[in-house]
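Reader: Got a model to go through with you. Can we start with the sheet, then the cores?
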Amino acid sequence: MATKRDYYEVLGVPKTASTEDIKKAYRKLAKECHPDLHPNDKDAEARFKELNEANEVLSDPDKRARYDQYGMDGPQNPFGAGGAGFDFSGFGGMGGMGDILDQLFGGGMGGAQRRNAPRAGEDIQYELKISFEEAAKGCEKSFDFMRDEICEVCHGSGAKPGTQPKTCPTCKGTGQVRMQGGFMTIARPCTTCGGTGKIVTDKCESCGGAGVKRLRRTARVPIPAGIDNGNPVVLRGKGGPGINGGPAGDLIIFITVRPHKLFKRNGTTLLLDMPISFTQAALGADIDVPTLNGTVKYHIPEGTQSGTEFRIRGQGLPRVGSSLKGDLLVTVKVEVPKRMSDKQKDLLRQFDAISTGREYEGSKSFLDKVKSLFN
Ligand SMILES: [Zn+2]
Ligand SMILES: [Zn+2]
């Protein structure tokens, strides 16, 4: 950032100048180098911006006091109202020009200037529920939401067409009311005009003087494949309208993914608990494993234990923005039969009678350990 010139030097006034002298010097210089009188003159534009910045600080007693004490890089606006401090970045867009002209020729807008600076519109948050499959495969959703929009009848002024807002009598158009608090003077936004410095007497009938209207709008939002619970989708510029020519806010959609009957997920890995019978586990079997795209055949080997995991490549979920998919991780749950007939039980007893004990690896090694404990 370039070194800034001293604000007093910019306005050509001594450090002892009164607020009235500062305003006078500002008006005189600002008229001389106003960009409207010097189209395409970058120097005049820069000088005009510099002048406005100097005036913004020196014509405000609080800011001037801080500037006198701390200089250009001093602590900014300890009261937090607006928080803009010396920042003048909002200036320069077409939206800002009307305010500057107001200030020059309408006179005495002072503190209202910051209130009237361009500001970004409000972000609107919306919670959207989608199914597990929609999250996995991506989809397009439409939903209705409420949004403030600039009134098309008064174009945001709130005044009836053909009438003009009037200067606020409480704050005399400055947008601020000063309050004495101990040894400090605190400037607060004027409550009569809401800090704008203007009052609408003939209200626009379409918006009731608000300048904005709350309207129901339909958003169409593409949901990328692989999106997870809590991830946001942001539609830039689809939120509330910008203030004083600032950019519109965003529409931020938080995605809630409904649970699936069968599947869970961990990132891009799709998880499935799958019951198989104890005979399938013991003898091995070809099983049909459900995926998000129909079933796939999988061979489980004989002697598969409960809790065994197997991985089916590429049947998981994609990462957002990628076509590569994770895996399906299947956890086998061996089910022990209940409610067997007498004949079934007999057959199992026969099976047991001819068992040697070597069929059960886990039990055998367990028993061996138990024996070693007592020997
Ligand atoms: Zn209106
Ligand atoms: Zn006011």
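Reader: In which sense do strand 11 and strand 15 pair, and over how many bridges?
Author: Parallel, over eight bridges, with strand 11 at residues 269-277 and strand 15 at residues 328-335. Strands here are DSSP runs of E, at least two residues, and helices are runs of H or I, at least four, numbered from the N terminus. Two strands pair if DSSP finds at least two bridges between them. This is a predicted model: local features need pLDDT of at least 70, side-chain atom pairs count only at pLDDT 80 or more, and totals for chains, interfaces and linings use all residues. Residues are numbered from 1 along each chain as its sequence is written.

Reader: What's the bridge partner of S277 in strand 15?
Author: E335.

Reader: And the strand order of the open sheet of four?
Author: 10-11-15-14, with mixed pairing. Strand 10 (263-266) and strand 14 (309-312) are the edges; each has a single partner strand, so one side of each lacks a neighbour in the sheet.

Reader: Switching to cores. How many residues has the largest nonpolar core?
Author: 16. Such a core is a set of buried Ala, Val, Leu, Ile, Met, Phe, Trp, Tyr and Cys residues joined through C-beta atoms within 7 Å. Buried means 20 or more other C-beta atoms within 10 Å of a residue's own, with C-beta atoms placed from the backbone. F132, I227 and I255 are among those with the most contacts inside it.

Reader: Which strand gives the most to this core?
Author: Strand 9, with four residues.

Reader: Where does the core lie relative to domain 2 and domain 3?
Author: Between them, because domain 2 (124-165 + 200-257) and domain 3 (270-374) both give residues to this core. Those bounds come from an automatic or database domain assignment.

Note on methods. Chains are lettered from A and ligands numbered from 1 in the order in which they are written. A residue is buried if 20 or more other C-beta atoms lie within 10 Å of its own, exposed if 12 or fewer, and partly exposed in between; C-beta atoms are placed from the backbone.
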